[in-house]
Amino acid sequence: MRKIILFLPLITLFAACVTTNQEGLDDLKKEVAKLQIKCANLEARQAEAYSKNEENMVNLEITNASVQELYKKTSKLSQEVKDIEVLVKKQKNVVQQDGEVQVPSQMYETAYNDFLLGKYELAIFGFKSFLKQYKTHDLAVQAQYYIAESMYSQDKWSDAYTEYEKVEKDFPDNNEYVSSSRLKRALCLELLGQKQNSLVVLQSILQDYPRSPEAFTAKEKIKQYSNDTKAK
């Protein structure tokens with residue numbers, strides 16, 4: 001009986017957290033709905049201005065700018081809605097920092113800021129913590145990629161290669177990050193003194209992602225390897 005009495009406050013606290021998050025979610029959804037209505041009204045005014053004389057062009061530009069700002073705000077709020085929905089579903093696994101709850105995008109942003117500041121070990125820890133809790137989140141592929149980038153920035157070529165491989169293994173359908181990771185794998189192999197293996201990876205980029213920005217770099221690297229061989 002005593003154990004049950006001690007456990008009741010914990011249940012009450014958990015229920016309160018879920019209720020608070022659900023209320024916040026409902027408020028955000030209402031705000032998104034309001035912004036969407038404003039966007040629609042502004043777009044209607046914009047269309048009307050197009051049908052009138054040129055004297056309305058200044059007003060048209062102002063209206064257009066307002067629409068763009070509202071779209072940005074709506075997009076941001078929509079992402080917050082998604083984050084809170086994830087948080088409500090994973091309430092038991094919610095991450096806390098300095099006593100405050102962090103939603104997924106905030107957790108990712110903290111790690112990314114550490115990466116930009118050159119705090120690579122701290123960034124790696126943050127990105128790995130993010131992946132541990134939110135491995136199916138839209139930002140998961142970026143988190144894995146920047147783990148590899150953090151390794152690469154510290155000249156840890158072998159470790160970086162392994163982490164870049166995980167991008168392709170865990171997120172095979174994300175062409176943007178897979179092609180970028182594959183190029184970085186080739187560069188890691190080059191820096192490890194394995195130019196022949198690097199060449200194989202570069203050629204695979206041309207085959208699998210011929211129109212990607214990485215394909216251009218791969219072509220230049222292949223030419224460089226060829227010239228280096230001729231020079232010998």
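Where is the place of Ser-212? Ser-212 sits in the loop between helix H8 (195-208) and helix H9 (213-231). The helices named in this report (H or I, at least four residues) are DSSP runs, numbered from the N terminus.

This is a predicted model, in which local features need pLDDT of at least 70 and side-chain atom pairs count only at pLDDT 80 or more, while totals for chains, interfaces and linings use all residues. Residues are numbered from 1 along each chain as its sequence is written, and side-chain values use heavy atoms, with hydrogens and water left out.

**Packing of helices**

Two packed helices are described by the angle between their axes and the distance between the axes. Here, axes are lines fitted to C-alpha atoms, for helices over the stretch in contact, and angles run from 0 to 180 degrees between N-to-C directions.

| Helices | Angle | Distance between axes |
|---|---|---|
| H5 (residues 140-153) and H7 (residues 175-191) | about 20 degrees | 11 Å |
| H4 (residues 120-133) and H5 | roughly 155 degrees | within 9 Å |

H4 is therefore roughly antiparallel to H5, and H5 and H7 are roughly parallel to each other. By the cut-offs, angles under 35 degrees count as roughly parallel, over 145 as roughly antiparallel, 65 to 115 as roughly perpendicular and the rest as oblique. The crossing of H4 and H5 is left-handed. On the H4 side, the contact (heavy atoms within 4.5 Å) includes Ala-123, Phe-127 and Leu-131, and on the H5 side Ala-143, Tyr-146 and Ile-147 are among the residues. The residues of this contact of H4 with H5 comprise eleven nonpolar, three polar and one charged. In this division, Ala, Val, Leu, Ile, Met, Phe, Trp, Tyr, Cys and Pro count as nonpolar, Asp, Glu, Lys and Arg as charged, and the others, Gly among them, as polar.

H5 and H7 also form a left-handed crossing. A crossing is left-handed if the near helix is turned anticlockwise from the far one by less than a right angle, and right-handed if clockwise.

**Aromatic pairs**

A pair of aromatic rings is described by the distance of the centres and the angle of the planes. Rings of Phe, Tyr and Trp (its six-membered ring) pair if their centres lie within 6.5 Å; planes under 30 degrees apart count as stacked, over 60 as edge-to-face and the rest as tilted. The structure holds 14 such pairs. One of them is the stacked pair of Phe-127 and Tyr-146, with 6.1 Å centre to centre and 25 degrees between the planes. Phe-127 belongs to helix H4 and Tyr-146 to helix H5, so this pair ties together parts that are 19 residues apart in sequence. Phe-127 and Tyr-146 are both buried, where buried means under 20% relative accessible area, exposed over 50%, and partly exposed in between (1.4 Å probe, protein chains only). The ring centres of Tyr-145 and Tyr-146 are 5.4 Å apart and the planes stand at 85 degrees, so this pair is edge-to-face.

**Individual residues**

Ala-143 lies in helix H5 and is buried, with a relative accessible area of 0%. Not counting residues up to four places away in sequence, Ala-143 touches Tyr-108, Phe-127, Phe-130 and Leu-131. Ser-212 is also buried, at 15% relative accessible area. Glu-176, in helix H7, counts as exposed at 56% relative accessibility. The C-alpha atoms of Glu-176 and Glu-214 are 9.4 Å apart, although 38 residues separate the two in sequence.

Methods
Helix = DSSP H or I, 4+ residues; strand = E, 2+ residues; numbered from the N terminus.
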